[in-house]
Amino acid sequence: MTQEEIRPECDRVGYSYKTRGRTISEADIIFHAGQTGDLFPAHLDAEAASKTPYGQRIAHGTLTLSIAMGLKFDTDLSKGLRISYGYDRVRYRKPVFIGDTISVDVEVTSCEMDPKRKGVRRIIETMNVVNQRGESVMSADHVLIRWV
């Protein structure tokens with residue numbers, strides 16, 4: 001067998017899983033605003049947000065992405081070290097509100113040897129972030145690399 005053929009189950013195209021959920025709190029939004037400097041009123045000002053099409057405060061898209069990233073990471077290094085290389089096609093599909101619980105449906109959609117780096121495999125996991133109502137609120141392709 002070649003190195004390309006020998007790989008953990010979690011790197012095989014079609015492998016999928018669902019993460020645990022996490023509820024978005026007002027504190028999450030306030031801390032994220034402070035960390036990033038994104039003080040847009042739709043995130044922080046209940047009165048101003050009530051006049052938007054959403055009618056209430058919404059979580060930052062980058063907060064949703066950050067929490068989704070944390071939900072999908074496995075800390076079990078016995079499965080091998082996979083490093084985030086970046087995100088492609090990030091789309092914020094619906095607003096996330098205070099009190100919403102999000103989880104991530106993940107599927108490996110590509111796994112191949114990296115043409116630019118010898119001994120490195122490139123894996124793409126397609127992420128679909130859903131709320132407690134099953135609505136897709138965000139999607140992205142997460143590109144990871146693993147040394148073989």
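How many residues lie between strand 5 and strand 6 in their hairpin, and which glycine in the turn has a positive phi? In this predicted model, five residues separate the two strands of that hairpin. The glycine is Gly-134, with a phi of about 80 degrees. Pairing between strand 5 and strand 6 is antiparallel and runs over 11 bridges. Within this pairing, Thr-126 faces Asp-141 of strand 6.

Strand 5, residues 120-130, also pairs with strand 4. The sense is again antiparallel, here over 10 bridges. Cys-111 has Ile-123 of strand 5 as its bridge partner. Strand 4 and strand 5 form a hairpin as well, with six residues between them. In that turn, Gly-119 adopts a positive phi of about 75 degrees.

Salt bridges were examined next. The whole structure contains 16 of them. One joins Lys-18 to Asp-105, with 3.1 Å between the closest N and O atoms. Lys-18 belongs to strand 1, whereas Asp-105 belongs to strand 4 (residues 101-113), so the contact ties together parts 87 residues apart in sequence. Lys-18 has a relative accessibility of 51% and therefore counts as exposed, the cut-off being over 50%. Asp-105 counts as partly exposed because its relative accessibility is 28%.

A second salt bridge links Asp-11 and Arg-146. Their closest N and O atoms are 2.7 Å apart.

Arg-12 counts as partly exposed, because its relative accessibility is 30%.

Some salt bridges share partners. Lys-18 and Asp-105 join strand 1 to strand 4. Shared partners also bring Asp-11, Lys-72, Arg-82, Arg-121, Glu-125 and Arg-146 together in one network.

Conventions. Residues are numbered from 1 along each chain as its sequence is written. This is a predicted model: local features need pLDDT of at least 70, side-chain atom pairs count only at pLDDT 80 or more; totals for chains, interfaces and linings use all residues. Side-chain values use heavy atoms; hydrogens and water are left out. A salt bridge is a side-chain nitrogen of Lys or Arg within 4 Å of a carboxyl oxygen of Asp or Glu. Buried means under 20% relative accessible area, exposed over 50%, partly exposed in between (1.4 Å probe, protein chains only). Helices (H or I, at least four residues) and strands (E, at least two) are DSSP runs, numbered from the N terminus. Two strands pair if DSSP finds at least two bridges between them.
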